[in-house]
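Subject: Structure handover

Hello,

Here is the structure for you to look through. Please open it first, then read my notes below it.

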Amino acid sequence: IIPNEEATEFNYSADLIPTGVITGISALNNVASEQLISIKAQVVNISAVKVVRTQYQGTLKKQEILIRDTASSIKVILCKSYTETLTLNSTYLFKNLKVKVSRNERYLNTAKDVPFQFTETSPFAQPLVDVNAELASLVASTINGKIIGFLQINNSIGCKDYSNC
């Protein structure tokens with residue numbers, strides 16, 4: 001402390017997980033957004049790859065997967081070259097996934113600035129959490145939208161009574 005200067009106290013989070021320490025999915029509820037984490041989990045669901053056009057990054061490939069461990073499950077979004085790299089029902093050690101929070105939903109994402117790493121590992125010895133309800137909600141989800149324009153419209157003339165055509 002510099003003489004004549006006051007010490008300033010500040011609160012900090014004890015919930016931060018040190019880089020490289022493997023954590024469970026349920027522990028992610030207390031982790032700050034944007035933190036990099038390492039986790040062991042099984043891949044339960046893999047969506048089709050979507051091509052997304054963005055304003056700043058151009059066209060991107062994106063794929064959603066659902067992972068689980070013995071206590072919980074969470075969605076992971078794989079981007080770019082990481083799509084189509086994981087196998088359904090395989091267990092992996094994931095490194096450098098970023099915790100994201102959007103619209104009160106917590107999920108994991110591959111980071112732009114740090115390479116995502118994954119290694120297939122031995123399955124869990126304990127029973128894993130049942131995610132059938134979550135999978136059903138993903139399949140039965142509703143998408144609401146608004147039409148803001150048309151790219152092409154076709155017009156054809158038809159007759160109800162063939163004798164008048």
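The notes below go from the whole chain to single residues.

First, the ground rules. This is a predicted model, in which local features need pLDDT of at least 70 and side-chain atom pairs count only at pLDDT 80 or more, while totals for chains, interfaces and linings use all residues. Residues are numbered from 1 along each chain as its sequence is written, and side-chain values use heavy atoms, with hydrogens and water left out.

**Overall make-up**

The protein chain has 1 helix and 8 strands. Helices (H or I, at least four residues) and strands (E, at least two) are DSSP runs, numbered from the N terminus. The order from the N terminus is β-β-β-β-β-β-β-β-α. Of the 165 residues, 28% count as buried. Buried means under 20% relative accessible area, exposed means over 50%, and partly exposed is in between (1.4 Å probe, protein chains only). The chain exposes about 12,300 Å², and carbon and sulfur atoms supply 50% of that area. Accessible areas come from the Shrake-Rupley method with a 1.4 Å probe; for residues, only the protein chains shown count as cover. Take the contacts (heavy atoms within 4.5 Å) with a separation of 6 or more: residues 24 or more positions apart account for 57% of them.

**Strand β6 and its partners**

Which strands pair with β6? Strand β2 (residues 36-46) is joined to β6 (residues 91-102) by 7 bridges, and the two run antiparallel. Two strands pair if DSSP finds at least two bridges between them. Here Ile39 stands opposite Phe94 in β6. β8 is also antiparallel to β6, with 4 bridges. In that pairing, Lys95 faces Gln117 in β8. β7 pairs with β6 over 6 bridges, again in the antiparallel sense. Ser102 stands opposite Glu105 in β7. β6 and β7 form a hairpin with 2 residues between them. Arg103 in the turn has a positive phi of about 50°.

**Positive phi elsewhere**

Most residues other than glycine have a negative phi. Asn89 has a positive phi of about 70° although it is not a glycine. Asn89 sits in the loop between β5 (73-79) and β6. Asn96 has a positive phi of about 65°, and it is not a glycine either. Asn96 lies within strand β6 itself. Asn96 counts as buried because its relative accessibility is 14%.

**Phe116**

Phe116 is in the loop between β7 (105-110) and β8 (117-120). Is Phe116 buried or exposed? Phe116 counts as buried, because its relative accessibility is 6%. Leaving aside neighbours within four places in sequence, Phe116 is in contact with Leu78, Tyr82, Phe94, Lys95, Asn96, Leu97 and Thr110. Leu78 is 38 residues away along the chain, yet the C-alpha atoms of Phe116 and Leu78 are separated by 9.2 Å.

**A surface patch**

Ile147, Phe150 and Ile153 form a nonpolar patch on the surface. Together they have about 410 Å² of accessible area. Patches are made of residues with over 30% relative accessible area and no salt bridge; like charges are joined within 9 Å, nonpolar side chains (Val, Leu, Ile, Met, Phe, Trp, Tyr) within 5 Å. A salt bridge is a side-chain nitrogen of Lys or Arg within 4 Å of a carboxyl oxygen of Asp or Glu. Phe150 lies in the segment after α1 (132-139). Phe150 is exposed, because its relative accessible area is 64%.

Best wishes
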